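Please open the structure in the viewer and display the side chains.

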Amino acid sequence: MQAALLIIDVQHALCSGEHKAFEVERVIERIDSVARKARSAGAAVVLIQRESLDGPLRFGTQGWKLAQELEALPTDIYVRKQATDSFPHTSLHSVLQERGVKSLVICGLQSEFCVDTTTRRATPSCWSKTGTLGLATAACRRRRSVRTTTKQSPTSPALGHALQPCPRVIFGLG
């Protein structure tokens, strides 16, 4: 079964300064480790970058670029998006279909926004298994409790259903 690892919004502006995600260094290390295993297993690695018309994620700016610590390869697939959901008005769906992808593993930054929204959109779609790898984190916000999801989590109460821990199956994680 063909699989893909979606890495969402691991961009410079979200890894430093006022928008720095919680424990981002640790999360990127784990994402890099899983991406290496995914590539070695023949899975597609898709790097998704959010962009805006202004602000820290404006296309082409330093903030828009992928985080330096993220191991991105020229053979990876790059997708630009302008919304929290990685599917509408992007090439993501067609790229996955062209490659015959049936299983998705989703990780990245801003778990409460883009990772969650993309997972919700992907679940009822044409993929037989969708899993969140538990490699996501949220931005630190004042007066708000934030936690990082850096552990394997086979269920997602926010989604209202169980997610299979497919990264173990797909990429041979133990």
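The model in view is a predicted one. E25 is partly exposed, at 43% relative accessibility, and K20 is also partly exposed, with a relative accessible area of 32%. Side chains of opposite charge can pair when their charged atoms come close.

Next, select R36 and E71, which form a salt bridge whose closest N and O atoms are 2.6 Å apart. This pair links distant parts of the chain, 35 residues apart: R36 belongs to helix α1 (residues 24-40), while E71 lies in the loop between β2 (44-50) and β3 (77-81). R36 has a relative accessible area of 42% and is partly exposed; E71, at 34%, is partly exposed as well.

Then select R99 and E98, a salt bridge in which the closest N and O atoms are 4.0 Å apart. Is E98 buried or exposed? E98 counts as exposed because its relative accessibility is 62%, over the 50% cut-off. R99, at 40%, counts as partly exposed. The model has seven salt bridges in total.

Finally, turn to the aromatic rings, where the count is one aromatic pair. Select F59 and W64: their rings are edge-to-face, 4.7 Å centre to centre, with 70° between the planes. W64 is buried, with a relative accessible area of 12%, whereas F59 is partly exposed at 42%.

Definitions and conventions. Residues are numbered from 1 along each chain as its sequence is written. This is a predicted model: local features need pLDDT of at least 70, side-chain atom pairs count only at pLDDT 80 or more; totals for chains, interfaces and linings use all residues. Side-chain values use heavy atoms; hydrogens and water are left out. Rings of Phe, Tyr and Trp (its six-membered ring) pair if their centres lie within 6.5 Å; planes under 30 degrees apart count as stacked, over 60 as edge-to-face and the rest as tilted. Buried means under 20% relative accessible area, exposed over 50%, partly exposed in between (1.4 Å probe, protein chains only). A salt bridge is a side-chain nitrogen of Lys or Arg within 4 Å of a carboxyl oxygen of Asp or Glu. Helices (H or I, at least four residues) and strands (E, at least two) are DSSP runs, numbered from the N terminus.
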